[in-house]
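Reader: I have a chain to look at and a few questions. Can we go through them one at a time?

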Amino acid sequence: MTTKKESYLQAYKEMRDFWTAMKNDSRLDAWDGKVYNKRFPKFMEESFEAPQHYTFTTQVRAWKEIKQVLLILEGPMARYTTVSLYTMHGNDLGCLGFLDESGKCIDIASVKKAIQKKIDDLDKRIEILEAFDEEEATKKCEDLRNAIFWFNHRLPYEFVELRV
């Protein structure tokens with residue numbers, strides 16, 4: 001039986017490998033300088049096959065003045081990663097823009113930069129999780145709970161009521 005740690009490690013590695021394959025795929029380069037329209041999200045979804053038990057979608061969202069273009073990889077047990085290519089709040093760019101200065105054409109270097117940022121994040125998560133000792137963390141957590149419990153019991157009742 002796989003542990004929770006092993007399950008998450010496997011998921012993070014699968015997601016990292018998917019984004020790495022996408023970033024290194026030469027088909028993306030053909031979109032550099034092309035006008036952004038509905039063909040780009042369709043190309044992304046048709047060209048990149050998600051790992052088994054995962055789904056990959058490109059979503060274009062808009063709420064009032066907020067617009068987003070997201071690459072989303074969703075997996076089992078609500079594990080997912082999102083690469084935000086573009087977020088616009090009215091006329092202010094809030095996140096990484098993947099369009100050139102004209103605001104119409106795709107800048108593939110920016111797309112790859114956004115994907116690399118997600119790869120780096122997943123690498124860091126994998127590194128942290130590989131070094132994580134669940135038994136030690138559980139013991140430290142329990143020790144901390146006990147310390148807080150005994151500290152609270154030494155405080156005057158009136159103070160305990162006021163600090164909430």
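Author: Begin with the aromatic cluster, which is formed by Trp31, Tyr36, Phe40, Phe43 and Phe48. This is a predicted model, where local features need pLDDT of at least 70, side-chain atom pairs count only at pLDDT 80 or more, and totals for chains, interfaces and linings use all residues. Residues are numbered from 1 along each chain as its sequence is written, and side-chain values use heavy atoms, leaving out hydrogens and water.

Reader: How many aromatic pairs does a search of the whole structure find?

Author: Rings of Phe, Tyr and Trp (its six-membered ring) pair if their centres lie within 6.5 Å. By that rule, the search of the whole structure gives 10 aromatic pairs.

Reader: Which kind of pair do the rings of Phe43 and Phe48 make?

Author: Planes under 30 degrees apart count as stacked, over 60 as edge-to-face and the rest as tilted. The ring centres of Phe43 and Phe48 are 6.1 Å apart and their planes stand at 80 degrees, so the pair is edge-to-face.

Reader: Which residue lies over the face of Phe48?

Author: A charge sits over a ring if NZ of Lys or CZ of Arg is within 6 Å of the ring centre and within 35 degrees of the ring normal. Over the face of Phe48, at 5.2 Å from the ring centre, lies Arg27.

Reader: Is Cys105 buried or exposed?

Author: Buried means under 20% relative accessible area, exposed over 50%, and partly exposed in between (1.4 Å probe, protein chains only). Cys105 has 16% relative accessibility, so Cys105 counts as buried.
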